Amino acid sequence: MGSASVDPASDKGGRTMSDDELMDYDEVMDRFDPVIGLEVHVELNTASKMFCSCSTGFGGEPNSQTCPVCLGLPGSLPVVNGKAVESAIRIGLALNCSIATWCRFARKNYFYPDMTKNFQISQYDEPLCFDGQVEVETDDGMFTVPIERAHMEEDAGKSLHVGGATGRIQGADHSLMDYNRAGVPLIEIVTRPVIGAGSKAPQVARAYVTFLRDMVCALGVSDVRMEQGSLRCDANISLMPKGSTVLGTRTETKNVNSLRSVEKALTYEIRRQGAILAAGGRIKQETRHWHEDGEYTSAGRSKEQAEDYRYFPEPDLVPVAPAPAWVEDLRATIPQPPAVVRAALRQKWGFSAAEMRDVVAAEALDLLIATVEAGASPQAARKWWMTELLRRANAADTSLDQLPITASQVAEIQALVDESVINDKVARHVFEAVLAGQGEPRAIVEQQGLAVVMDVDALQAAVDQAIAADPDAAAKIRDGKVQAVGALIGAVMRLMKGQADAATVRRLILDTLG
């Protein structure tokens, strides 16, 4: 094949970096076809856990939401959460899956500190939902992602590694266990191998996880907050030589917790694997960890040997057999797919295809919807979120929904503009103050005296001063060259420190020189 263009993972601001050699992405695409597979865990928002009555509330004191069942104490017996089964069926229907008329839970046996019973109650060869597919939106159109299964299981507890620099077990002095999360209902959604995405494979993966987030949110069965772990993705990737139909050895990047990171982690792994294969090396089948700070993956545990989880039917639970009539009743509750909703909004709002695509890419659609519902026009909502606020989010290397400002506050700032209390220039100052935690928009305007000056005498005085300072512009306006008024408007706005209505200033200038 010839030599490959590789480079070490480059330093980004002095952050911890990998020693991996990376192949140029386009060159990888010239030589290999990527195959992705995604396993997405969704924490359901039921009030109680999957098999007991303990609360599922996030952020409680460690080990304060536990009982003998979720701690796996001898003699305790699980009971299936009916609401969780209902939510799982609705997710399966939204994924166009078939729903099993009879299925069982199974014990997945493994030994790890976060699983008190030394087994997890899951589903193995009898999933509740199976054989689905979804259409996801990409820049190049729609792409079909095949779904193998969506099954029910319980979440594990959470390990807190203390004493290390990274929060991971490597280098830690000791670990603490919090079992509040143990037993929280999970739905694991597993794709079949996704082939044919080519160079767009990372974007397809991101679009798919975005689809799942939007769909699950629309169903109302989870808050899908990736930063809190209620939606997390294990991203599998392998490369096969061009023209081959034999799948390559895959790696699995675990618990990726943002949409952007799904795309970046897969892009990194494609470049890393490409460099290894081009040099005649062999890919190790293993888990990988994604490092958000340096944007690279590192090796986790080997999966070269198949793990024997010794699955067997859960003896303490009866089979789940949803009645067909119930399933059809639930089918009637499934909302329209996100792409259909977006198309309707685009038409209603009068956005171009490119404008809506940019909004979706910036993960701003929900924020725009909430801002419009709070009273702003769609155009105003897009203007602020996609310019002023997106610029600030990018500068802070964060997402729009993590900025310390709400949709209602954005709508309130626009209302102040619509009421001519402030203008766009002052509005930007108000945004800065709200983001700095100085209070609500209207109060900031009042407290800081930011309201536009409407006193005609004060504005006239500024107009007279600007005309006196620029007689050439004034002469041009008197001669009918009205375009010269812009220079005088700018001068007046500077004199008024931006707190003037440009239309009123223009009228006063023309009246004075007319």
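Here is a walk through this structure, from its sheet to a loop and then to its aromatic rings.

Keep in mind that this is a predicted model, where local features need pLDDT of at least 70 and side-chain atom pairs count only at pLDDT 80 or more, while totals for chains, interfaces and linings use all residues. Residues are numbered from 1 along each chain as its sequence is written, and side-chain values use heavy atoms, with hydrogens and water left out.

Let's start with the sheet. It is open, has 9 strands with mixed pairing, and runs in the order β4-β7-β8-β11-β3-β12-β13-β14-β15. Strands here are DSSP runs of E with at least two residues, helices are runs of H or I with at least four, and both are numbered from the N terminus. Two strands pair if DSSP finds at least two bridges between them. At the edges you'll find β4 (98-99) and β15 (296-302), each pairing on one side only. Now look at β3 (residues 32-43) and β11 (residues 185-191): they run antiparallel and are joined by 5 bridges.

Next, find Leu247 in the loop between β12 (231-241) and β13 (251-256). Leu247 has a relative accessible area of 45%, so we call it partly exposed (buried is under 20%, exposed over 50%, partly exposed in between, using a 1.4 Å probe and protein chains only). Setting aside neighbours within four places in sequence, Leu247 is in contact with Val35, Pro193, Ile195 and Met240, where contact means heavy atoms within 4.5 Å. Leu247 and Val35 are 212 residues apart in sequence, yet their C-alpha atoms are 7.6 Å apart in space.

On to the rings. The structure holds 6 aromatic pairs. Rings of Phe, Tyr and Trp (its six-membered ring) pair if their centres lie within 6.5 Å; planes under 30 degrees apart are stacked, over 60 edge-to-face, and the rest tilted. One of the pairs is Phe51 with Phe105, edge-to-face at 5.4 Å centre to centre and 80° between the planes. Phe51 is in the loop between β3 and α2 (82-94) and Phe105 in the loop between β4 and β5 (106-109), so this pair ties together parts 54 residues apart in sequence. Phe51 counts as buried at 4% relative accessibility, and Phe105 counts as buried at 3%. Tyr309 and Tyr311 are edge-to-face too, because their ring centres are 6.1 Å apart and their planes at 70°. Tyr311 is partly exposed, at 26%. Tyr110, Tyr124, Tyr309 and Tyr311 form one aromatic cluster.
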